[in-house]
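Here are a few worked exercises on packing and pairing. Have a go at each task before you read its solution.

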Amino acid sequence: MSTLSQKAAAIRQPAPGNAAGTAPPVLSVRDVRITDRAGGREIVHGVGFTLVPGRTVGIVGESGSGKTLTCRAALGILPAHFEVSHGSIEIEGRDIADLSPAQWTALRGSTISAVFQDPASYLNPSITVGAQVAEVLRVKKGVGRRAARREAVELLDAVHLRDPELVYGQYVHELSGGMLQRVLIAAAVAAGPRILIADEATTALDVTVQAEILDLLADLRDRTGLALVVVSHDLAVVAQLCDEVLVMREGEVVEHGPTREVLHHPRHDYTRLLIAEHQQYGLEKYLAVEEDA
Amino acid sequence: MSTAGDPRTAGDPRTAGDARTAGDTSPSHGTGAASAEPVLRIEDLAVHYGPRRRRRRALHGVSLSVTPGETVGVIGETGSGKSTLARAALGLVRASAGSIAVDGEDVTSHGPRQWRALRRRGVIQYVFQDPLRSLDPDLTVGTSLAEPLLIQGRDRDEADRRVRAFLARVRLDPDLLDRLPGELSGGQRQRVAVARALVTEPRLVILDEPVSALDSANRVQILDILKELRADGVALVFISHDLGSVAGVADRIAVLYQGELVETGAARDVISAPRHPYTRLLVRSAPTLHSAPADRAERAALRALLHI
C-alpha cells in the first residue's frame, strides 16, 4: 500500500483543497451537441457536467446513447465527419475548440487520458508491455531511458501487478485481460494526467477482476486527486464509483444528479427501468438495501 | 489452498444444498421439486484435458442434480470449468471419472450415436452464448426451427404450428420465419436459438452464457422467457459468470471455482449469506446499486485469504 501512495504522489501532486471540492474544475462540458456532418444528423443533443479534482462523474447508457461520443469529443478524437456543433468543452479552463493537432498531442496523456474496453487492441503485440509504458514517460515527460524503465516498473507495481519486473518484459499474449487493463491504466496515468476517462474499461472482465480494477481507479483518485469520468452500460458500476451520474438515452441526458439522489429518487422512467432491472435480475433481489439514508 | 478450516461444502454438496432449501421459508418450490426424480444427475464428475503426460484437470469431484421445473445456476469465472461442465452434460467431452445420468439414463459412456439419439428424442437441448454456433447460417429461421421436429417424424403441418407457437413464446414476429440468422439482430437471434431448443419440448436445457453477449433490454427478455419455462416443468442449467442474471432466475446456485463446486444452496442463501470465501468475494465484487465503499477492504481481505 505504501508503494502505491508513494508512487501516487509521484504520479501527481495531490491537488490542495480537493477534499472540499472547491478546486477549479479540470473539465467543463457545457451543453455539448455532436453532429454527424455526413448524415446531417445531430447525434448528441446537449450534455453538460463539471468535474473537479478527486471527484468522479459517471455516464450510463446503452450503445448508441452518445456516451462514448461525448468522451471522444473531450479527448479530441471524434470519428471523421463528427463535430461538436454546439456548446463548449474546457480542459483546465481552456477551450479545446481551436486546439491544433500539436496542442492536442501535448494535452493527451499529460492532462487528459483514457482507457477503453479492449485493452489488447491498444497495445503493440510485438513490444514488451513495460517498454510501452516507459515510452509514455520518455515521450511525455522527457525522462531518460534508464529512469523511464525504473519508473515504468514502479507504475506497474502501483497498479498492483504482482512481480512488476517480470511483467515489464512480457508481451500482450502472455497476460490476462485484467493484467492488460492494469498495464493500460499504468500507461494512462504515467504522465500524471489530471483527468482519466474510463469508457467501459471493466466490461469484458470477470467480476472479481472488474472489482479490482474499479478499486484501483478509486485508489488512484483518492490518493492523487485524479478526476474520473466513468462510462458504463451498467448503472451499478457507475453507482459504485461516482459522486454524480448522467443517464443518457438516444443522445439525450434524461437524468442528471448526485448518485444517491438518482438511485433513490429517480425522476425519469428510463432510470426507473434501469433500477427495476437490477432489482429483478441482479443481486439486489436478495441483498437488503444497506443503510445509507 | 485447502486449510484446516476449509469452509467448502464437505461431502455431497447436494445434501448441504437441500438442507438449506428446507430451511428456506420463502415459497420456493425447491422442497417439492427435491422429491421428484432428477432430470440430470451428475456424480463425482472429473474431466481432464490434454495428453497423458500433460493432463490438466478441468473438473474434479463435481456433483449436481436438477429436478423437473428447477433452474440451477452455475456461476464461475474464466477458467473455473463452467463451459467444460456444460460440454460434459451434453456429451461433448468425456468424463474421466464419475457419472452423468440424463432422465434416468446413464450417459457417461455414451458414444456420439447414442447422444444423437438422445438429442433427437428431444430430451436434452442447449443454448450457447453465440447463437450462430447453434443456428445454421444457411437455413431460414423457419427451417431451423422445424428441422428437429421433422427429424422426430412429425408432419409438416404440425411442425409449422409448433414453430409458430414457440416463435410467439419467445416474442418474435412470424415475419421472421423466412429470414436467415445473419439478417437478425443479436437479441432476435438468441431468441430463435432459445425457440429452437424448446420446440421439441425437452426435459432439460443447458444454457451456457445465454445472455452475456446481449444488451440489457434483450437480456431481460431472455431471462423473462427462461422464468416462464419453469411452470412447464422444464429443468434448466444456467451457466454464467454473471451473478445478477443467475440470481434473477435460479432456484439454486452452485459456485464453481478452479474446477470444483465450492458451494451449493438456495439462491437466496448463496447470495445473502455466502459461506465459502470465494463465493463471498464474488458477491462482494459484483457491483450493485447499493455497493458500499467498505466492501473494498473486505474484498482485499478475501483475495489475500484465497491467494489471488
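**Exercise 1: two helices in chain B**

Task: work out which residues of H6(B) and H7(B) meet, and how the two helices cross.

Solution. Start with the contact: Gly142(B), Leu145(B), Ala146(B), Leu149(B) and Leu150(B) of H6(B) meet Ala159(B), Asp160(B), Arg162(B), Val163(B) and Phe166(B) of H7(B). Contact here means C-beta atoms, placed from the backbone, within 7 Å. Helices (H or I, at least four residues) and strands (E, at least two) are DSSP runs numbered from the N terminus. Keep in mind that this is a predicted model, where local features need pLDDT of at least 70 and side-chain atom pairs 80 or more, while totals for chains, interfaces and linings use all residues. Residues count from 1 along each chain as its sequence is written, and chains are lettered from A, ligands numbered from 1, in the order written.

Nonpolar means Ala, Val, Leu, Ile, Met, Phe, Trp, Tyr, Cys and Pro; charged means Asp, Glu, Lys and Arg; the others, Gly among them, are polar.

Now the geometry: the axes of H6(B) (residues 141-151) and H7(B) (residues 156-169) come within 9 Å and cross at roughly 125 degrees. Axes are lines fitted to C-alpha atoms, for helices over the stretch in contact, with angles from 0 to 180 degrees between N-to-C directions. That makes H6(B) oblique to H7(B), since under 35 degrees is roughly parallel, over 145 roughly antiparallel, 65 to 115 roughly perpendicular and the rest oblique.

**Exercise 2: a helix pair in chain A**

Task: describe how H4(A) and H7(A) pack.

Solution. H4(A) (residues 129-141) and H7(A) (residues 177-189) have axes 8 Å apart, at an angle of about 15 degrees. The two are therefore roughly parallel, and their crossing is right-handed. H4(A) brings Val129(A), Gln132(A), Val133(A) and Val136(A), and H7(A) brings Val183(A), Ala186(A) and Ala187(A). By class, that's six nonpolar, one polar and no charged.

**Exercise 3: a sheet in chain B**

Task: which strands stand at the edges of the six-stranded open sheet of chain B?

Solution. First write down the order, S6-S7-S8-S3-S9-S10, with mixed pairing. Strands pair if DSSP finds at least two bridges between them. S6 (124-127) and S10 (260-266) are the edges: each has a single partner strand, so one side of each lacks a neighbour in the sheet. From one strand to the next, the twist averages 15 degrees. Zoom in on S3(B) (residues 71-75) and S8(B) (residues 235-240): these run parallel, joined by five bridges, and Val72(B) has Val237(B) as its bridge partner.

**Exercise 4: where the chains meet**

Task: how many residues does each chain put into the contact, and which element of chain B gives the most?

Solution. Count the sides: chain B supplies 29 residues and chain A 31. On the chain B side, H10(B) gives the most, with five residues. Finish with the classes on that side: 13 nonpolar, 11 polar and five charged.

Technical notes: A crossing is left-handed if the near helix is turned anticlockwise from the far one by less than a right angle, and right-handed if clockwise.
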